[in-house]
Amino acid sequence: MRPLKVYNVIPKLPKKLAPLWELSFNFWYSWKHEISELFSRIDYQLWNESRHNPVLFLNLLPQSVFDDLASDEFFLDRLNQIKKSLDTYKSSTKCSFEFERSQGAPVVAYFSAEYGISLSLPIYSGGLGILAGDHLKSASDLNLPLVGIGLCYQKGYFRQHLTNDGWQQEKYPINDFEQMPLTLVKDKKGQPMTVQVDLVDRSVSIRIWKAEIGRISLYLLDTNLGTNQPQDKEITAQLYGGDWEMRVKQEIVLGIGGLRAMHAMGLNPRVIHMNEGHSAFAGLERIKIFMQDHGMSFEAAMELVASSSVFTTHTPVPAGNDRFAPDLMQKYFESYAQELGLAFKVFMALGREDPRDDQEHFCMTVLALRLSRFNNGVSKLHGSVSRNMWKKVWAQYPVDDVPIGAITNGIHIPTWIAPDMSYLFDRYLGLDWREDPDCQRVWKQSQAIPDAELWRTHERLRERLVDYIRRRLKEQIVARGGRRYELQLAEEVLDPGALTIGFARRFATYKRANLLLTDVKRLLEIVNHDKFPVQFIFAGKAHPKDVEGKKIIQQIVQYSREQDLRHRLVFVEDYDMEIASYMLQGCDVWLNNPKRPLEACGTSGMKAVANGVLNFSTLDGWWDEAYTEDNSYGWAIGFGESFSDQEYQDLVESHYLYNVLEKEIVPIFYDRRHGSLPVEWVRKMKNGLKHLAPMFSSHRMVEDYVQTAYLPAYKNFMALEKNGFEQAKSLAAWRMDLMTKWGSVRIRNVQAAAEDELYAGDVIRVRAEVFVNGLSTEDIQVEIYAGDVDMDGNFLSRKTVLMEQKEGVGQGWIAYEGTLETFKTGRFGYTVRILPHHSLLLDPHCLGLIHWA
């Protein structure tokens with residue numbers, strides 16, 4: 001039996017308390033500490049039990065509490081002040097970038113499979129989602145015309161609990177969206193708006209939830225509708241759940257459904273940003289829309305889409321890039337390819353590294369790379385790794401010329417900073433650190449914070465962390481039916497005054513969470529030192545199908561229960577944003593030891609820096625950029641070397657880890673010759689705040705995206721859109737003509753007026769003759785390609801110099817000349833190449849066309 005009608009009953013707030021609803025439905029509270037504090041002061045215990053979800057919190061409060069608050073003048077005054085600050089924040093029109101705004105329409109649509117906004121919106125699994133959440137928050141602070149698109153997972157990512165022997169188990173609590181800070185998007189008739197996508201022989205309906213992230217709107221797609229078949233309701237049930245067929249359906253909903261949802265809402269972005277390859281089908285849907293709505297050919301629509309799309313790859317691990325079998329793609333996309341006017345084989349080539357290999361799976365990363373002219377990795381090292389990883393997509397190019405750049409990730413500092421630390425910054429840095437967190441001038445003021453005040457604040461945060469861990473451990477013990485003596489032991493773990501090292505992240509095997517356990521005897525000597533003890537806190541989840549990752553968790557948990565380690569080593573279950581915040585704010589050292597170069601960036605260490613925590617990491621991801629040899633901000637594990645024998649590498653780097661701990665980290669932490677202050681340690685904390693906090697801010701990251709991708713892509717779109725997309729059609733026609741004639745382009749008679757032996761600083765004049773096969777000389781650019789070479793004649797570095805067109809030499813051949821300076825000593829070589837050129841082609845490498853002498 002089912003009810004005839006279901007009602008949503010909400011509390012009846014007195015008129016004076018009406019601002020509470022608006023505050024509760026804007027995720028600004030996740031980085032505006034004053035709002036969270038306002039809610040927690042109403043009922044601290046209920047606020048924590050509701051997992052900092054203000055909507056659920058208000059719905060659980062007794063009516064009598066609202067009546068009391070309505071007569072509390074102090075509370076009302078504080079409420080109105082905060083509401084006014086939210087109104088001021090949202091109404092600001094200040095934006096430093098040259099976007100033409102049209103009635104609030106977005107310029108950029110940001111697609112991501114997960115978002116880590118707040119503990120109260122559990123639709124994230126790890127770093128990718130947290131990064132996406134920070135991206136939206138900084139876009140909000142910077143007042144960018146951007147919207148987010150994602151999926152509204154009813155079960156989110158799993159909640160973790162451990163068996164008595166430490167084996168990870170997963171549970172999937174249901175998210176009640178009506179009890180969360182989300183609102184249904186409705187049509188003009190006041191009914192829930194829906195869009196449809198086709199899956200094989202049926203149509204699937206999608207509804208849209210809206211989350212307000214400060215000034216930014218995030219739209220989340222949900223297939224759990226009564227009109228859908230049971231298997232289709234499950235598409236948006238779990239993040240990274242199910243098999244490959246479920247994954248392709250999720251990515252159809254995200255990419256294709258996301259574009260359709262935006263158009264249904266009247267939102268027509270000029271630029272799309274695909275955060276990882278999960279949303280790459282959005283590029284195909286954009287092409288289809290331009291073809292249908294504007295009568296464009298596939299080639300013209302593809303040029304328009306690629307010229308105004310941005311793609312960020314996050315994964316240097318091949319298994320992390322989604323690849324779908326040809327038969328699965330045929331099942332879901334054969335008819336879609338026909339709608340694009342493509343033979344299915346041609347369609348499949350869009351997602352293959354080798355378009356001629358009919359057996360190769362369809363890769364979402366390759367599709368995104370082909371449908372974007374702005375591709376980047378998420379750290380300088382990862383950019384290099386990505387160029388090497390995807391070089392087959394541009395097979396004729398040297399690895400350095402593969403068109404994948406790098407924009408290093410950053411973190412939204414106001415979200416991750418401890419309230420205690422933020423009040424300290426308010427006093428000594430001024431409020432500018434919140435409004436302009438990537439300003440180096442502001443962070444220089446951190447040197448003015450008195451050492452004693454900074455250290456005492458940090459010590460309070462460590463004490464708070466220890467209290468929190470003990471409470472969480474007791475909750476774990478009760479949940480699994482533990483005994484009374486275990487609860488007593490939980491009260492005794494950790495020392496609030498001891499050197500505390502944290503490790504918290506996904507338990508993928510390449511992250512080597514158990515590297516610390518390589519030599520347990522030596523570890524015991526370190527942690528149980530009579531005068532200088534060290535303690536470790538671990539947290540993290542393994543993917544439900546990652547058995548090896550689960551084994552690592554079990555190994556750590558079992559060691560944490562050993563008599564000699566139980567006071568100094570703990571594992572906290574169910575890692576989430578709350579646990580992360582406590583650890584990042586309260587630890588002394590943040591440990592990270594992935595196998596280089598498999599950590600694309602790793603933003604947790606940046607969050608630690610912003611809280612005055614020092615880093616201790618292998619030279620991978622962001623730390624490869626941030627680390628300095630004088631250990632100004634922390635320490636390195638090894639020197640960035642790689643060994644073919646992984647067991648040997650683990651052994652070598654574990655010894656580095658123990659040695660640095662014993663000889664550097666522990667002595668500096670416990671050096672209290674200057675009263676009770678570790679002066680050298682505090683100096684390193686301040687160095688990190690001064691130099692790294694502004695550098696690794698998500699404000700800096702988003703500004704980098706604006707300058708190097710969003711603005712150029714936007715301007716490109718506006719240029720191609722004019723006069724009925726005349727330029728887009730012209731660019732496509734130019735490309736087709738170029739492809740037809742490129743095979744006959746030639747270079748001959750390359751000559752250099754120079755001796756075989758040169759002096760540093762000598763100038764070489766290079767001349768070459770080029771045959772353009774009916775192309776205009778404006779369609780090409782001829783370059784000298786020069787640099788250091790090894791003993792086998794391979795280029796070790798490269799510099800390019802544009803050559804100038806000179807006279808014709810007959811029969812269609814044209815002379816080009818250029819000069820090259822020998823800038824340093826050593827083995828040196830050069831060659832000549834031809835690349836395409838067009839005023840609207842931002843990167844000549846993107847077409848994959850090149851001709852070498």
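Before I come to the helices, a word on how their geometry is defined: axes are lines fitted to C-alpha atoms, for helices over the stretch in contact, and angles run from 0 to 180 degrees between N-to-C directions. Helices themselves are DSSP runs of H or I with at least four residues, numbered from the N terminus. Please keep in mind that this is a predicted model, in which local features need pLDDT of at least 70 and side-chain atom pairs count only at pLDDT 80 or more, while totals for chains, interfaces and linings use all residues. Residues are numbered from 1 along each chain as its sequence is written, and side-chain values use heavy atoms, with hydrogens and water left out.

Let me start with helix α27, residues 646-669, and helix α28, residues 679-695, whose axes lie 7 Å apart and which pack at an angle of about 100°. The two, α27 and α28, are therefore roughly perpendicular to each other, a label given to angles from 65 to 115 degrees. On the α27 side the contact, meaning heavy atoms within 4.5 Å, is made by I665, I668 and F669, and on the α28 side by E680, W681 and K684. By class, that contact has four nonpolar, no polar and two charged residues, where Ala, Val, Leu, Ile, Met, Phe, Trp, Tyr, Cys and Pro count as nonpolar, Asp, Glu, Lys and Arg as charged, and the others, Gly among them, as polar.

Which helix gives the most to the lining of the largest cavity? It is α9, with four residues. On a 1 Å grid over the protein atoms alone, a cavity is a set of points where a 1.4 Å probe fits but cannot get out, and lining residues have an atom within 4 Å of a point. The largest cavity has a volume of about 50 Å³, volume being the space filled by probe spheres set on the points. Its lining includes R247, Q250, E251 and L254, and by class that lining has six nonpolar, two polar and two charged residues.

Terms used: Parallel < 35°, antiparallel > 145°, perpendicular 65-115°, else oblique. 1 Å grid on protein atoms, 1.4 Å probe; cavity = no way out; pocket = protein on both sides within 12 Å on 5 of 7 lines; lining within 4 Å.
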